Amino acid sequence: MTSSYQNSGDSLVASKDLETDTPETQDQREEYRLAGRVGVAIEVEAAQPGLPARILQGSSRDISASGVSLNAPEALPEGALLPVTLTLDQEEPFTLMGEVRWCEPRPEGPGYRIGLTLLDSDDTAYLEWKEAMARLLAMD
Amino acid sequence: MAGPGPWSQGLVYCDKCVIDAILGARCCGPCFSLSSYCFIARESVVHVNAVETIIRQLRIPGLPYPVGRQAQADESDWTGFLASAWEQQTDATVIALLKEQESVTWSMTQVNAGYLADRIMDIFLQKSGLHPTLVSRVARLRFWLAWDLHRRHSEAVSESAPLREWLDSLDWLKGWSETGGRSDRQMFTQLDNLRQSVTEAFSGHSDTPVNAFFSQWLELIDSQHRRAITLQQRLLLTEQGAAGQRAAEYAAQAALGRSLQGRHLPPAITRFLLDDWQPVLRQAVRSFGVGSQQWRHAHRLLEWLVWVADPSLSGLAGEERDKLYQVGEQLIEKMHAVVETLWTKPGERPSLDYPAVESLLVQRLRGEAPELEPAPELSYDDSWLSSPEEPADVSQWEGRWYLFLDGERELRQYLFCYLPQTGEVLWTNGFGVKLGTQSFLDARAELASGYLRCLPPLQSFGQVLNRTLGGLEQLLAVQQQKRQKALLRAREEAETLRRARQREEAAQAQRLEDERQLAEAAARRSADDAREQERIARLKEEQDRQDALLALVDAVHLGGWVELDPDTDKARRLKLALRIKASGKLVFVDRLGMNRETLHRFDLAALLLEERARILDQGAEFEDTLSRVVGRIRVGR
């Protein structure tokens with residue numbers, strides 16, 4: 001059970017009508033994303049004999065029940081299936097599988113913005129993530 | 001002056017309305033305000049109250065909000081952080097600085113206060129038309145504004161907030177440019193005072209020093225404004241008079257220049273025209289304007305006198321002679337009449353050399369040839385012989401600031417008013433000091449060519465604030481709706497998944513039980529049949545082999561490696577990325593997560609049997625690798 005996790009928008013001030021136009025008003029039909037920082041670790045290269053695994057660590061831009069977007073110093077290939085862990089607060093991290101849906105250069109500086117869709121699989125915390133997101137959305 | 005005077009009710013008009021008031025025109029209704037400065041019609045205050053809700057609940061993508069329990073935790077004091085940014089006079093935004101502090105967890109209200117301060121200040125200043133140096137200095141108040149918004153929410157930007165009034169007063173500085181002169185020093189001194197005041201406010205956790213600065217500043221501006229009004233009033237009267245003089249001078253010069261061109265006249269008549277009649281022409285323009293009857297008469301008499309004085313124009317034969325008689329009879333009388341009209345008080349009338357004209361007339365009527373000499377060639381512009389046509393759009397120009405480039409310097413000047421007598425515009429420094437005059441048509445051409453640029457009209461801080469907050473309020477409403485939907489959907493999806501897993505587990509248990517029962521039944525049926533027993537044994541052996549292979553397949557965890565087509569040149573090593581137990585689907589990818597291969601568990605078992613696949617490892621490292629990085633991890637139950 002997967003859902004697409006699309007690109008959410010650009011800079012905060014550079015828009016046609018500065019006072020009333022925001023990135024979100026340009027993106028009214030997408031799934032709701034909770035803007036906020038959670039820890040993200042992605043295994044971008046699996047270990048092989050003689051070669052260790054390479055992990056990319058960072059913070060999210062926003063999260064949802066079906067995906068996450070983050071800023072990263074390097075690009076990731078679209079379509080890649082990669083192990084991802086998401087860490088909320090001081091809780092145990094959630095181990096998940098993510099598919100890279102989009103990757104584009106950051107408009108406001110160096111690096112990339114990446115969107116991942118979380119995929120259902122055994123041996124992952126997919127259900128637990130959904131439940132955690134439901135709890136988060138009920139907060140604030 | 002129409003309407004109440006500016007000072008009697010504590011009101012100050014905007015520049016446009018000052019001019020209207022001085023000229024005796026009606027002040028525009030929307031110009032009146034309740035505060036001490038006059039701005040365009042006040043906006044509704046409804047949105048200011050939305051500040052609190054926005055600060056507490058809005059989430060903008062990309063901002064460093066806390067999530068979950070962190071969002072509920074006590075926030076850290078950010079006063080020192082903002083004070084430091086202010087002290088360094090950095091041009092970075094509040095949000096940029098917050099984002100840089102990756103190890104610090106900012107609260108929702110801190111992040112949103114920073115965002116709001118950045119947004120409001122940037123929009124206000126971008127549309128202000130102020131000089132870039134001033135914009136960048138004032139923009140740094142964003143740190144103070146963020147702190148105050150976080151502390152007092154809507155009170156920080158309410159109508160009575162001193163900051164708001166101060167920001168609106170900056171419109172008075174639209175004419176300021178960094179020229180290196182005395183006004184620069186005054187301005188930078190004030191900005192240094194502001195810097196000091198805000199620093200003290202941060203360190204004392206109080207807005208008293210800042211408010212004191214704003215108050216002193218507003219008093220200064222008020223005093224300058226009053227002085228400027230007085231200067232402007234005087235300047236207008238002076239320049240209108242001067243324009244009238246110029247128009248009269250040029251019109252008289254043009255009339256004489258055209259009439260005398262190529263003529264030969266008695267010297268006495270030339271003197272009369274230049275010394276005596278030219279002032280009459282000027283007076284006609286000054287008092288009644290070009291195009292008036294008085295001017296037409298004076299001009300006509302000039303032409304008649306030249307006609308009479310120059311024999312090449314007025315011959316003595318036939319009709320010409322009769323005409324000379326008629327003109328000669330009336331000429332001096334009509335001259336008297338014009339003079340009497342222009343100077344109603346006899347004591348003020350100039351003394352004209354009429355005898356010179358009379359003597360000329362006698363000479364011409366007697367047929368005598370007066371001594372002639374060439375009339376002086378005067379330089380003139382005959383466009384002054386008619387009134388300049390007032391352009392229909394001139395009122396849109398008055399009372400506004402304009403920008404032009406002088407080499408690399410950016411200069412600002414204020415179009416104070418249009419002078420209808422000369423068709424010119426009067427440029428000032430905005431404080432009643434004349435910079436010069438220019439033909440309106442020339443100015444309009446410069447605007448069209450881009451050499452001159454009109455600065456944007458005033459937009460008050462309140463207007464910007466309300467429009468910004470209005471937009472964010474709408475956004476928040478949409479976010480809240482979408483969030484609620486997302487919450488319901490997440491709960492529903494989790495419930496669906498849970499039930500599916502429960503069903504799968506139940507089905508798996510049932511399958512195992514069914515297999516066990518079938519096996520028992522088969523064993524019982526075949527107990528007495530040796531051949532059947534052999535067949536069943538064979539089947540069981542095959543089944544056991546397949547079960548063993550499937551068990552091997554099922555023992556491969558996420559991250560486990562297999563090799564397809566081993567020992568061939570097409571050999572590929574792939575790791576398990578997804579396993580869907582319900583469907584038996586397995587998805588493999590390469591080391592970089594690409595080049596996926598989807599197999600069913602049965603397919604992989606068959607490949608293992610045919611030795612077209614090999615299991616390299618079962619993926620124990622999958623959890624180990626990540627757990628080393630992120631600590632003890634949670635996987636599916």
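In this predicted model, strand β9 (residues 572–580) of chain B is joined to strand β10 (residues 585–589) of chain B by five bridges, and the two run antiparallel. Within this pair, Lys575(B) is found opposite Val589(B) of β10(B). Both strands belong to an open sheet of five, ordered β11-β10-β9-β8-β12 (chain B), in which the pairing is antiparallel. The edges are taken by β11 (597–600) and β12 (613–617) of chain B; each has a single partner strand, so one side of each has no neighbour in the sheet. From one strand to the next, the twist averages 35°. Packed on this sheet is helix α20 (residues 601–609) of chain B, which touches β8 (561–564), β10, β11 and β12 of chain B. The direction of α20(B) makes about 90° with that of β11(B).

The largest pocket holds about 1,100 Å³ and has a lining of 37 residues. Which residues lie nearest the centre of the largest pocket? They are Glu504(B), Gln508(B), Arg511(B), Lys581(B) and Ala582(B). Two or more lining residues come from each of α18 (461–525), α19 (530–554), β9, β10 and α20 of chain B. Of these, α18(B) gives the most, with 10 residues.

Strand β3 (residues 400–406) of chain B runs antiparallel to strand β4 (residues 409–419) of chain B, and seven bridges join them. Here Trp401(B) has Tyr414(B) as its bridge partner in β4(B). The hairpin of β3(B) and β4(B) has two residues between the strands, and Gly407(B) in this hairpin takes a positive phi near 70°. Strand β3(B) is also joined by three bridges to strand β7 (residues 452–454) of chain B, again with antiparallel pairing. In that pairing, Leu403(B) has Arg453(B) of β7(B) as its bridge partner.

Turning to the interior, helix α8 (residues 142–152) of chain B has nine of its 11 residues buried, so the rest of the structure largely encloses it. The buried residues are Arg142(B), Phe143(B), Trp144(B), Leu145(B), Ala146(B), Trp147(B), Asp148(B), Leu149(B) and His150(B). After α8(B) comes His153(B), with a positive phi near 55°.

In soluble globular proteins, nonpolar side chains tend to be buried together. The largest nonpolar core here has 71 residues, and those that touch the most other members are Trp78(B), Leu141(B), Leu149(B), Trp166(B), Leu167(B), Leu194(B) and Trp217(B). Helix α6 (residues 108–126) of chain B supplies the largest share of this core, 11 residues. What does Leu141(B) touch, not counting residues up to four places away in sequence? Its contacts are Trp86(B), Met121(B), Leu163(B), Trp166(B), Leu194(B) and Val198(B). Another core, of 42 residues, lies apart from the largest one and includes Ile269(B), Leu273(B), Ala309(B) and Val327(B).

Chain A can be described by its overall make-up. It contains one helix and seven strands, which run β-β-β-β-β-β-β-α from the N terminus on. Chain A has 140 residues, of which 60% count as buried. Among contacts in chain A with a separation of 6 or more, 55% are between residues 24 or more positions apart.

How values were computed:
Residues are numbered from 1 along each chain as its sequence is written. Chains are lettered from A and ligands numbered from 1 in the order in which they are written. This is a predicted model: local features need pLDDT of at least 70, side-chain atom pairs count only at pLDDT 80 or more; totals for chains, interfaces and linings use all residues. Side-chain values use heavy atoms; hydrogens and water are left out. Two strands pair if DSSP finds at least two bridges between them. Helices (H or I, at least four residues) and strands (E, at least two) are DSSP runs, numbered from the N terminus. Axes are lines fitted to C-alpha atoms, for helices over the stretch in contact, and angles run from 0 to 180 degrees between N-to-C directions. Contact means heavy atoms within 4.5 Å. Buried means under 20% relative accessible area, exposed over 50%, partly exposed in between (1.4 Å probe, protein chains only). A nonpolar core is a set of buried Ala, Val, Leu, Ile, Met, Phe, Trp, Tyr and Cys residues joined through side-chain atoms within 4.5 Å. On a 1 Å grid over the protein atoms alone, a cavity is a set of points where a 1.4 Å probe fits but cannot get out, and a pocket is an open set with protein on both sides within 12 Å along at least five of seven lines; lining residues have an atom within 4 Å of a point. Grid points are joined across faces, edges and corners, and a volume is the space filled by probe spheres set on the points.
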